[in-house]
Each structure stands twice: as C-alpha cells, then as structure tokens.
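Thanks for coming. I have a few minutes on one structure, so please have a look at it before I start.

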Amino acid sequence: MYLEKINGPKDVKTLSLQELTALAQEMREALFHRLTKTGGHFGPNFGMVEATIAMHYVFDSPTDKFVFDVSHQTYPHKMLTGRAYGYLDETRFYEISGYSNPDESEHDFFTIGHTSTSVSLATGLAKGRDVTGGKENIIAVIGDGSLSGGEALEGLDFAGEMKSNLIVVVNDNEQSIAENHGGLYKNLKELRDTNGTASNNLFRAMGLDYIYQEEGNNIAKLIETFQKVKDIDHPIVVHIHTQKGKGYALAERNREDWHWCMPFDRETGKPTISFEGEDYSALSGAFILKKMKEDSSVVFVTAAVPDNVGFPKENREKAGKQFVDVGIAEEQAVAMCSGIAKNGGKAIFGTNATFIQRTYDQFSQDVCINGSPITTIINYTSVMGLGDVTHLGIYTISMLSNIPELVYLSPTCKEEYLAMLAWSIDQQEHPVVISIPGNGVHPARYPVAADYSQINRYQVCEQGSDVAILALGDFFQLGEEAAEEIMRRTGKNVTLINPRFASGLDEDLLEELKQQHRCIVTLEDGILDGGFGQRVAAFYGSSETKVLNFGLKKAFYDRYDVMELMKKNHLTPAQIAEDVIDLLG
C-alpha cells in the first residue's frame, strides 16, 4: 500500500503518476473503511480525492497554506498530512474530527464547519503574509454550493482588488447539499459548457484572473493546472469540474442522499443503523404540506438544508412554488420571509440551529423591528443534537430569546409542537421561533393548548409545595423524572410547570409561587448564561425564594458523550434532587 507510507505531503511528491492513481484508489478504500462504520460526509470527500493529491503534489503545505471551505471535504487532506490512521485503524477513528482542526495538525489553520468562509479567511492569510514579508502561496478551496453565501461573495469581491498571490480553487460538482439555487449557477454552467471561455464570467467581473479545468478528477491534468498558478503574483480562480461521490455508483447517481451518510452496507448502500418511530422532520413536512394545500399563501423557505426540516425531494415537488430554497444564504432567507409576511403571505423558515447565528441581524432588524409575523422552526437546538464544536445548537435560546418582540416557543411533545406550529403560521401579531425537541418524539401527558396568543403564560401541570420545577421544552421529561425523585426522597409533592415560552416571564405565576415554594428549579436545554433560567433568577433576586438553574455551562464542546456532559452539568434526576434537598436543608 502507498497510503500507509504517507507521513506527509513530501511523500506524495515522490510518487509517479501511476502510483498517484493507485494512491487515489487506496484513499477511496480508506474512506469506505471509515464511513461504512462511522458515517460522515461522503460525497464531498469522494469527489475531492484527485484534487487533494494534486494540490499536495504541487504546493508545499504547511508553508503554502490551504483553507478548506466548510472543511467537510478535508478527509483526503487529512490522509496526506499524517492522519491516515484515522481512516485505516478502527481503534483511532475518533481521534480525527470531521473538519479541519489545528489541534490535529500544522497543516490545518482554522477550525471550520460552516460554509462560505474560506475566501475571506484566505484574504486575511494573504494580507498577513504580505505585511510580514512572506512568500508562500495562499490557497482557498470552496465548493460551488458555498458560493451563494454572502461571505463568499464578499471575500471574492475583496480579493478582486488584491495585488498579491491568492489562489481560489472552486470545486464545481454541480451540487450543494441538495440542488444548487441562485442565478450565479447559470454562469457556472455557462463556463462549464464553454470550457471556461464564456465572455460572461462572474469571477472576471469581480476583478479576478481565471483558469478552468474540466477534468477535475484527472490527477495529471490537475497537477498541470496547479503548476501554472503556483507562485502567481495576483489573485486567480481555478475552476475545476468534479464528480460528487466519485467512485461509488450509488453516490454518483444520488448526490443529495449521499452528501452525508449514516454507517452503511457497501454492497446495498442501506444504513446499518436504523431509527424506529416518528421523527420531527417528517412530522414538520407532513404538517406544512397539509397547510399549503389548505392555504396557498403559506410559503416554506429553507437555506440548503431542506431534508433536515421535512422537505426531501418528494415533498419539494408536492409543494411546488410554495417551497423556496435560497441556497446557502440564511440572511436572504430570513429577510425574504419578512418581505413575504409584509405582503400578505405566511412565511415559514426552517433550518438547523448551527446556522442561525448568521441570521441575527436579520431577525433583529428586518423581522422584529418591523413586526413581521414569520414562523421559524429550528432543528438540532439540543445538547442531544449535533456534537461537533462547529455545529452546536445549545446557544440558540440565549441568542434569540433576548431579541425584543420575538416569541420563542419551546414545545415539550409532539402534540404541543404541532399546536404551536399551527398557531404561529396563522397568527399575524408576532415573529415566532419554535425549537424542535431534541429528545425524541414524546406523546402529550397533559392538556395541550391550541392558542398561544396570551404571551408568556406558563402551564402548571402538577401542583405541589416547597419546590417548583420549571422544565423548559425537551427538558420537560427530565423535569418529570426529577420531580418524581424529589417526591420519593422527601415525601412532598412537587409543582411541575411547562413554561412553553423561553423568551419571557409569567410574572403573575412566578409571584404566586412565592407563597408556598421555597425553591424554584429551572431546567433548559442550552447554556445558562443569558438563558431562560437566569431570567427567572433575576425576577426572584430581591425575594427570599431560592432559585437553582440547571443547564449547560457556557463553553465550546466537541464530540462529547451526551450522558457524561449531562452529569458534569448536574443534569440527571438524582443530581437535581440532591441539589434541591441540599438547598432546602
């Protein structure tokens, strides 16, 4: 094997073209070895094998600096920079993250998990090089799907006026996660169709030099192309046409399904891990489609993650013009929803929590200041959701619930989620965010309201004394278990409350609780700083009522074990009960 002997890019440079071709095949086998067992980003990495080999053959990493956009296509790069063990040795799979990571290697310069950032970061590296007298090449790698992101266009726009070395490799595989959306992709197609000679050229229009390579999975052609631009004295775009999922027929034919995968059987392509029962994504899609049939003014908008919020291809086709995918452009999505609402439509925006921070300005300015009654449903807001440091959703409550006029709803079960969604879509008074529960689909155990227009009214589910537990959203079931544990240990009934609203206080109820309760407990699936619990604690600050806030410490967590992290933050029923009993003496 060649791959086992690659300890760094210098070893790549010693291989002949025939050996490099064999290396590419071995790298794909290593990708199969890992991804069939762990899952991960499949299509982006299979399509980038040859380009990564050619880049390391021509350039001199880490002196020459690579910045990978999103960095979900860095598995081949990791193999060639001393980390092949993370793909060959099952016992070491989890030593390697799914994204670029400076803690792993000197060949990675940034921890990156979000899209459209590589060109901007690379312009900074180039400027840093220029002011310190460096001579190295700066290479940004960006997928075609990422070009629709605002920061990518900002970076390209700035790069167009730079006067020193900057190489932007545009990996064009004609696909984002789902299909590409946006007018600029018409120009990419025109460039592909004309072998890069079309006079209409987005990159040249921005002041950049340009070169095209149609055979983006041909190592010899790619080496020749990269050698032409190495040590160039001005910014240039290297546009390469690649095959997403190359080397696995199922992935080549079904590019959306194979962008990311669960562990799977290589022969059949079927997942080896299955999840039974309902999921909120499917529930959301089915509910919204029904609303669309009933009301033609309902429009669902997403930003390149349609399947994660209930709109796989078959649902998109059913929705027709009532479905909009703006591509990787969350700011556009939120502002567009505000415009839809202002002109009589009923706009629903659906995305993953990790991408929400890019929309903060639009939520604050375009939506809330303007009072646009849009509905936003957010997936993976939970500690039980995505666990990579770049994809955490646990900051969502603190980030959004403090924006004035925004109503943040935290449902506890299936029936409550659907009821909140139905109310939000039809009401015309408030911008509403609904957090999708992350602890599985639970049935209702208590009555579910149909109307949430009385903002910040909590639901008392069980009446007790001494201790009241305010268990928000998908921590409600944890609250139930904690209440049972406290009652078992003390013999006293606990008041159990479903707050429903993460963005405000039911001051009348909180005042009433002072009369018969010595301890108020808050539970929230998010960081404590700036969150729901601190808001409650501030209310009781001048009183004798004690407050215990349970949630997560503000930190960046990476690839954690959920139960271990819960225990560290005293988020088990036994720990909650112990802390309450200790406080009460």
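**A sheet and a helix pair**

T302 has D325 of β9 as its bridge partner. Keep in mind that this is a predicted model. The bridge belongs to the strand pair I want to begin with: β8, residues 298-302, runs parallel to β9, and three bridges join the two.

Now the sheet around that pair. It is open, has six strands and parallel pairing, and reads β9-β8-β10-β11-β13-β12. Which strands are at the edges? They are β9, residues 323-325, and β12, residues 407-409, each pairing on one side only. From one strand to the next, the twist averages 20°.

Next, two helices on these strands. Helix α13, residues 280-294, lies across β8, β10 and β11, and runs at about 145° to β8. Helix α18, residues 414-426, packs on the sheet and touches β8, β10, β11, β12 and β13. Its direction makes about 165° with that of β13.

Last, a helix pair. Helix α4 covers residues 49-58 and helix α11 covers residues 219-229; their axes come within 9 Å and cross at roughly 45°. That angle is why α4 counts as oblique to α11. The crossing of α4 past α11 is right-handed.

Which residues make the contact? From α4 there are E50, A51, I53, A54, M55, Y57 and V58, and α11 supplies I219, L222, I223, F226 and Q227. By type, the residues of this α4 and α11 contact are 10 nonpolar, one polar and one charged.

That is what I have; questions are welcome.

Notes: Residues numbered from 1 in each chain as written. Predicted model: local features only at pLDDT ≥ 70, side-chain atom pairs only at ≥ 80, totals over all residues. Heavy atoms only, no water. Axes fitted to C-alpha atoms, helices over the stretch in contact; angles between N-to-C directions. Helix = DSSP H or I, 4+ residues; strand = E, 2+ residues; numbered from the N terminus. Parallel < 35°, antiparallel > 145°, perpendicular 65-115°, else oblique. Left-handed = near helix turned anticlockwise from the far one by under 90°. Contact = heavy atoms within 4.5 Å. Nonpolar A, V, L, I, M, F, W, Y, C, P; charged D, E, K, R; others polar. Pairing = 2+ DSSP bridges.
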